[in-house]
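Hi everyone, thanks for making time for this one.

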Amino acid sequence: MFRNATKAGSLGIAAVLLAMTATACGNNNEGASPSASSTPAVSPSASTSESASTSPEPAKEPTPISIYSYDRTDYANDRVVQEIEKRTNTKLTIQPGIPWDPEQLNVMTATGKYPDVITIIDNDTFDRTGQWIKTGILQPFTDEILEQTPNLKSLLTQPEFEDLKVDGKYYLLPMRDEPPLGSAGQFVFQIRQDWLDKLQLPVPTTTDEFLDTLIKFKTMDPDGNGKEDTYGLITNGLDKLVSYSAGFFGLPHDERSTGFLKVGDGYEYWAIQPQVKDTLRWVKQLYDSGLIHPDTLTQTNITKTRPVFAEGRIGVTVENMNFDQLVNRITALQANVPDASVIQMSALKGTEGAYGYSKGNGHWAYTALSSQNKNPLESAKLLDFLLSDEGTKLSTVGIEGVHYTMDGDKLVWNEEEKKKDPGFNVNTSGQFHELNWGIVRWSPMVSEFYMKASETVVPNYSQMVQENLDRVNKYLIEPASYNTSNEEWSKFIGTGKTLENEFFIKAVMGKVDIDKGFDSFVKSWKAAGGAEAMKAMSDAIAASKG
Amino acid sequence: MNRLPLRKDLRRYRQMYLLALPMVIFYILFIYIPMYGITIAFKDYSVVTGITGSPWVGLDRVREVFDNVFFQRAFVNTLLISLGKIVFGFPVPIALALLLNELRSRWFKGLFQNIMFIPYFLSWIVFAGIIENLFNGSGLINGIRVNQNLDVISFLAEGDWFLGIVFITDIVKSAGWETVIYLAALTGIDPHLYEAAQVDGANRWKQTFHITLPGLANTIVVLLILRVGYLMFAGFEQIFSLYSPIVYDVADILDTFVYRIGIEQGDYSFAAAAGLFQGIIGLTLLFTVNKIAQKIGSAGLF
């Protein structure tokens, strides 16, 4: 989902900050208009759409609401935005041009000036949500608010989000992922089916078979150009490759869970488990055999690996399981290799015990009300509207009769009208409107409505989604906790992650012996505060499980 | 030296003071007033309560900084990279200025000077993009190596290569600018000295060693003092745009460490404590080197 995080973006923080501050105060009129009704997408229970759409009293002034989200186009007089404003009696300020770089939000909060509604991306080096709740940057969705926002309430009170409560209050609206609940976490192995076909190889199912397949990809000239210039695999970092592969050896871990699993009577962090050594040995084999594309070593941003994969000389990428992105990946590849195809693979068997991709928590990132929001109820009603069927459909396909018409149950786009509204940005959102993702959810790709609409452009979209989902979800393992947070752990994770990443990289590159290095890594990890932090977290998880 | 009373001085040199005024205001507004924020190094800073509302914690955060394993490494890396840049980079513009000074063709001299100067105007982000495209695994140089059936070298992922690239690109980026400063200083040398030396039979080498270099000495000392004053600042933009976790071992400097802790991990007090330490060392070095320079006969910086 990281569409655009760049280092350049980080360095431009100051400029963006100034701009943010200016617009947050200025309440500019961005955005524009309209539309209609339909898919649940968010959660099975978030189906009614009464709340915000019917309530505005004509005499009341629209409520100004500033929103921070990522990778936004300048909506100018976009009619979908205007229609949302009309139906929710709000005046929205959505700052354009924010890249996928959470550091900007960090700086904004540090200055003490931040918008009313903010979307927060957590990662495994900074527990933003935990710290910002503690320091009072966020305000809760109170019971009074939830009583008036049925869709929001129905989402938050789903059992899987119970552990999002802090001191009995809900602060965070979890943004539901594209795949259905219970699917693998986001990053999965994706392989060139056309190369497998050409070399008459089956899809590998074990870590050993995978190694053999990649060796053949490297040596048997799958691109047919007569040169040995192909690679096995690319992703965004050797350390990341180790974490993406840990599930094959029985360690349930993905960046959106706590990374804790049950060990004995307590809970422990995945990176210090002995199975990590098996994972490291396997990744080292890939590295030593020259199968890993060298850009994997230096590119920490997955978006930068995409054009390299699209060149058509690499067999596997470890990437987001977002299906629209899979379509984009294949399209980009076909510009260079017309008959190319890519499929998402099942998890590889690397151990006799349980293995699989780590089951995801069903959401990524959060939307929250900031403590500077003077209109929390109206803001919550806006979010409630966007979660509703009506809001979902409006923010996805625009206004019926303007941007599309329905021919029976078939959607027919009006491309001319779509071109008039900047929110229909093909570069960031394909054929859909940009507001369908990143405000209250990610694109509802597995909803029937979304799939049908997608088939107007990608004929076998539903089938493609289902086949890939079946493969990816074939073998799953589950972490002990997804959302539990704890102060000691929150303070330690930055240091812990740096120690972990550096050890993984050195071990894979052969700069330290895996066995000896692992023992000394665990020792220094614990000595740097990991032992106490892990114990505190273990207690917190135990407490959350009652 | 005769000193004028302040009022007379202000009146007499009012145009000079007027010229300096914008920079003075700039420094007051953007350098001195924000220094108040340094206090968060001694507080448990919270964004919501603000600087004044956050509780004092004494030297707790400073102690945490010194205990941090990555801080110690960043400190060493900063010193090594800065010293490397001085050792390899400092003589280059002096040599270039001397060489350019000997050129007869003004046209060629101007052209060469401009070409050297261009990288100085590129931002590090743009420059780093060019470097990445040259040295990456899929970059131009490796493309050529693959065509020659040579192994790919991950220049930006191997510590030694990485440092080499840091030193060389620093020279390419900044040598042009410093050369101009030296060339300007050269124009200040009295041409009569050369004429007199020629009459005495001094060849070009002797003129260089006995007239040109002594004439440049003050400028060299000033630039060296400035360089040493920045010893604790090894080039944030350059390192930040080129490094990745794979080379943290040799490339993580205090600036990047402070950035990661402060901006990426939101621990502002810790980052401020580390940054304060960096500033104090820098200031101490600046004063020390300036004093030494004065002792050995140079005018120094102030």
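Let's start at T119(A), which stands opposite T367(A) in β13(A). Two strands count as paired if DSSP finds at least two bridges between them; helices (H or I, at least four residues) and strands (E, at least two) are DSSP runs, numbered from the N terminus.

A word on the source: this is a predicted model, where local features need pLDDT of at least 70 and side-chain atom pairs count only at pLDDT 80 or more, while totals for chains, interfaces and linings use all residues. Residues are numbered from 1 along each chain as its sequence is written, and chains are lettered from A and ligands numbered from 1 in the order in which they are written.

Back to β3(A): it also pairs with strand β1 (residues 63–68) of chain A, in the parallel sense over two bridges. There, Y68(A) stands opposite I118(A).

Just after the helix, G136(A) takes a positive phi of about 85°.

Now to another sheet. Four strands of chain A form an open, mixed sheet in the order β7-β10-β6-β11. β7 (231–234) and β11 (342–344) of chain A stand at the edges with a single partner strand each, so one side of each lacks a neighbour in the sheet. Neighbouring strands are turned by 25° against each other on average, direction ignored; axes are lines fitted to C-alpha atoms, for helices over the stretch in contact, and angles run from 0 to 180 degrees between N-to-C directions.

β7(A) pairs with β10 (residues 314–320) of chain A in the parallel sense over three bridges, and L233(A) stands opposite V316(A). Helix α10 (residues 207–219) of chain A lies across both strands, at about 120° to β7(A). Helix α21 (residues 461–472) of chain A packs on the sheet too, touching β6 (187–192) and β11 of chain A; contact means C-beta atoms, placed from the backbone, within 7 Å.

Note on methods:
Contact = placed C-beta atoms within 7 Å.
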